[in-house]
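Trainee: I have a chain to look through, and I would like to understand its side chains and its open space. Could you go through it with me?

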Amino acid sequence: MLRYVMLTLSGIIGFAHICAAQELQAVNRTASGDAVIHLNEAPGAGIAWIKNKQFANGTIEFDVKGKNVLQQSFVGIAFHGVNDSTYDAIYFRPFNFQVPEAGRRSHAVQYISLPANDWPFLREQYPGKYEHEVNPSTDPNKWFHVKIVVTDTEATAYLNGDRCLTVTLLSKQKNGMIGYWVGNNSGGDWKNLTIN
């Protein structure tokens with residue numbers, strides 16, 4: 001069941017480096033916070049769409065914090081959203097940042113394009129193409145900085161300044177909603193979001 005929550009949060013988002021209030025529409029989560037946006041844990045994916053903001057191409061930057069708990073920390077950003085089930089997203093699995101198993105480490109950052117291209121399909125059909133490992137020195141329990149550069153055809157993700165994923169976009173939509181994203185049974189925290 002989807003729950004919609006409207007929040008007005010002040011002074012925490014910059015568009016082209018201009019701070020402005022943001023209003024969020026939370027889907028399958030409760031969004032709270034002021035300087036830090038928090039999404040709670042719940043079954044299924046959750047999004048807090050930024051109301052009245054469309055994103056096509058450019059750079060998205062933010063700081064995010066998950067946790068080092070297996071299968072309970074999927075944190076990132078959704079973009080090119082058409083609705084609550086049709087969007088692209090790039091997200092991180094902090095619990096895979098420092099694991100000794102190379103197979104799990106290679107699943108640390110992920111691109112998805114819903115509804116047709118969720119992670120199980122992409123992993124099975126294109127192993128290693130839409131997910132990758134990150135710098136193993138990244139602490140999975142601390143804040144890390146993300147930069148995502150989106151063009152008409154491609155998205156590149158950086159974690160703490162290191163490129164960790166470049167993918168060809170799979171969706172047909174080239175513009176749409178943007179919002180904070182969490183995966184199944186996951187919550188997370190975001191701050192310092194800028195969109196240019």
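Trainee: Let's begin with the largest pocket: which residues lie nearest its centre?
Mentor: Happy to start there, with the reminder that this is a predicted model, where local features need pLDDT of at least 70, side-chain atom pairs count only at pLDDT 80 or more, and totals for chains, interfaces and linings use all residues. Residues are numbered from 1 along each chain as its sequence is written, and side-chain values use heavy atoms, with hydrogens and water left out. A pocket here is an open set of points on a 1 Å grid over the protein atoms alone, where a 1.4 Å probe fits, with protein on both sides within 12 Å along at least five of seven lines; lining residues have an atom within 4 Å of a point. The largest pocket has 18 lining residues, and those nearest its centre are Gln71, Phe74, Tyr91, Arg93 and Trp119.

Trainee: How much space lies in the largest pocket?
Mentor: Grid points are joined across faces, edges and corners, and the volume is the space filled by probe spheres set on the points. For the largest pocket, that comes to about 310 Å³.

Trainee: Which backbone oxygen does the side chain of Arg93 reach?
Mentor: Leaving out residues up to four places away in sequence, Arg93 touches Ser73, Phe74, His107, Ala108, Gln110, Trp119, Arg123 and Glu131 (contact means heavy atoms within 4.5 Å). At 2.8 Å, the side chain of Arg93 reaches the backbone oxygen of His107.

Trainee: Which residues are linked with Arg93 in a network of salt bridges?
Mentor: A salt bridge is a side-chain nitrogen of Lys or Arg within 4 Å of a carboxyl oxygen of Asp or Glu. Glu131 and Arg93 form one, with closest N and O atoms 3.2 Å apart. Glu131 lies in strand E10 (residues 131-132) and Arg93 in the loop between strand E8 (86-92) and helix H1 (102-105), so this pair ties together parts 38 residues apart in sequence. Glu131 also meets Arg123 at 2.7 Å, N to O, and the network links Arg93, Arg123 and Glu131.

Trainee: Which residue forms a salt bridge with Glu41?
Mentor: The structure holds three salt bridges. In this one the closest N and O atoms are 2.4 Å apart, and the partner of Glu41 is Lys67. The pair links distant parts of the chain, 26 residues apart: Glu41 is in the loop between strand E4 (37-39) and strand E5 (46-55), and in the loop between strand E6 (58-65) and strand E7 (75-83) we find Lys67.

Trainee: What is the phi of Gln71 near?
Mentor: Gln71 lies in the loop between E6 and E7, and is partly exposed, with a relative accessible area of 47%. Its phi is positive although the residue is other than glycine, and lies near 65 degrees.

Trainee: Where is the peptide bond that is cis, with omega near 10 degrees?
Mentor: Look to the loop between E9 and H2, where Pro115 is found. The cis bond runs from Leu114 to Pro115.

Definitions and conventions. Helix = DSSP H or I, 4+ residues; strand = E, 2+ residues; numbered from the N terminus. Buried < 20%, exposed > 50% of the residue type's maximum accessible area, 1.4 Å probe, protein only. Polar contact = N/O pair within 3.5 Å; in protein donor to acceptor, adjacent residues only side chain to side chain.
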